[in-house]
Amino acid sequence: MTVFPPLASADLAAHDALLTIDLDALAVNYGRYRALAVGADVAGVVKANAYGLGLAPVARALAREGCRTFFVANVHEGEKLRAALPGTTIYTLNGLTEEAAKICARFDLRPCLGSLRDVDILAHLAKSLSRTLPAALHFDTGLSRLGFDRTETAKLIADKTLLNGIDVSLVMSHLARSDEPDEALNGLQLSRFKAIRAAFPDVPASLANSAGVLLARDYAFDLVRPGFAIYGGTPVDGRVSPVLPVLKAEARVLHIRDIEAGDSAGYNSTWTAKAPARLAILAVGYADGYPRVLSSDKNAGRVWLGGHYAPVAGRVSMDLLIVDVSHIPVGAFQCGDMAELIGPHVTLDEMAAKAKTNGYEVLTRLGERYKRHYTGKAATAES
Ligand SMILES: *Cc1c(COP(=O)(O)O)cnc(C)c1O
């Protein structure tokens with residue numbers, strides 16, 4: 001019988017694609033947002049696996065900084081977070097179905113109710129359980145996505161008995177253009193929200209996401225909900241960011257090969273060497289969330305390797321990336337070294353701009369194949 005000796009998956013050398021998440025930087029960013037939000041509470045928005053960085057380690061690191069309120073998208077994320085963090089307040093953003101309401105009651109999750117249908121579902125459940133159930137009321141003030149519309153808002157304010165059985169612990173809305181500080185819609189949403197919250201004077205209120213906090217103190221109310229900025233994202237394009245980078249993404253050099261002038265590289269031969277060239281093959285592809293649009297026939301990406309930039313050569317494939325290292329001195333890097341995909345030299349902003357998307361999408365597409373590795377004081381508890 002073959003016996004396989006245990007190979008610690010914690011052994012980083014056994015992984016070819018690595019995300020290093022700096023929990024100290026995360027803690028600094030959380031603290032900066034607390035300072036920016038002057039006196040308002042700062043929630044942790046940890047939906048989508050904490051924007052790809054890992055739900056439990058990220059949420060626990062925030063909790064260590066004093067974060068007591070969290071937002072996730074749905075009840076499944078909520079259930080996972082509840083297991084990682086008993087005793088905290090967890091809101092689920094995505095409204096309600098009857099099944100979801102039962103899961104909320106069972107795992108002590110607070111749904112954000114955004115329609116009279118949601119209210120009805122929760123009120124019915126509360127009645128059948130003979131207890132009150134906590135929830136947030138989410139009002140639409142300009143995004144036309146989730147949240148009570150004008151008519152429903154008016155109905156709810158006129159008849160609070162609709163909320164019988166529901167313990168309203170938060171009133172909230174969400175900004176559509178907070179990353180465009182000069183847009184008039186921001187001020188309009190603020191004044192609409194002020195009017196709504198006046199109808200619920202004893203309930204804490206929340207409006208601002210990462211960029212919203214930067215608009216003005218007025219937008220912070222009692223609780224702010226930053227996600228992206230806490231993870232090191234630049235909340236407003238082109239403005240100096242108030243936060244530190246949190247993430248480094250790297251892929252291992254699996255192979256180095258020399259090719260001749262006229263040889264092409266990658267699927268569909270979209271890249272051809274004009275002179276003898278050297279290529280490095282990296283262990284990352286679009287299946288890991290490396291954007292295929294960074295292929296060299298589109299909007300060529302670049303990596304940082306051996307102290308130099310290396311541009312993508314040919315098409316990004318599912319599991320592999322070819323980069324041109326012809327100009328990098330021999331010996332500057334070796335097979336087995338790691339190339340930086342996102343980090344201090346290739347920023348999240350650069351990658352997002354080249355991929356014609358935002359940093360949020362780049363982060364949340366970082367795939368399951370990456371080994372997520374945590375550093376910083378809070379990391380010892382996670383490894
Ligand atoms: C995602 C989300 C946030 C966090 O937004 P960031 O821009 O990442 O700070 C806040 N509120 C709601 C309702 C959200 O959906």
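Modeller: A cavity here is a set of grid points where a 1.4 Å probe fits but cannot get out. By this rule, the predicted model has 2 cavities of 30 Å³ or more.

Start with the largest cavity. Its volume is about 40 Å³. The residues that line it are Tyr290, Leu294, Gly301, Arg302, Val346, Glu350, Met351 and Lys354. Helix α10, residues 348-354, gives the most to this lining, with 3 residues. By class, the lining holds 4 nonpolar, 1 polar and 3 charged residues.

Now the second largest cavity. It holds about 30 Å³ of space. Gly289, Tyr290, Leu341, Ile342, Met351, Leu366 and Tyr370 form its lining. Here the classes are 6 nonpolar, 1 polar and no charged. Tyr290 and Met351 line this cavity, and Tyr290 and Met351 also line the largest one.

Next, the core. The largest nonpolar core has 116 residues. Tyr290 and Leu341 are among the members that touch the most others, together with Val46, Phe71, Leu137 and Leu321. Helix α6, residues 116-129, gives the most to this core, with 7 residues. A second, separate core has 9 residues, including Ile259, Ala265, Ile281 and Ile322.

Terms used. Residues numbered from 1 in each chain as written. Predicted model: local features only at pLDDT ≥ 70, side-chain atom pairs only at ≥ 80, totals over all residues. Heavy atoms only, no water. Core = buried A, V, L, I, M, F, W, Y, C linked by side-chain atoms within 4.5 Å. Buried < 20%, exposed > 50% of the residue type's maximum accessible area, 1.4 Å probe, protein only. Helix = DSSP H or I, 4+ residues; strand = E, 2+ residues; numbered from the N terminus. 1 Å grid on protein atoms, 1.4 Å probe; cavity = no way out; pocket = protein on both sides within 12 Å on 5 of 7 lines; lining within 4 Å. Points joined across faces, edges and corners; volume = space filled by probe spheres on them. Nonpolar A, V, L, I, M, F, W, Y, C, P; charged D, E, K, R; others polar.
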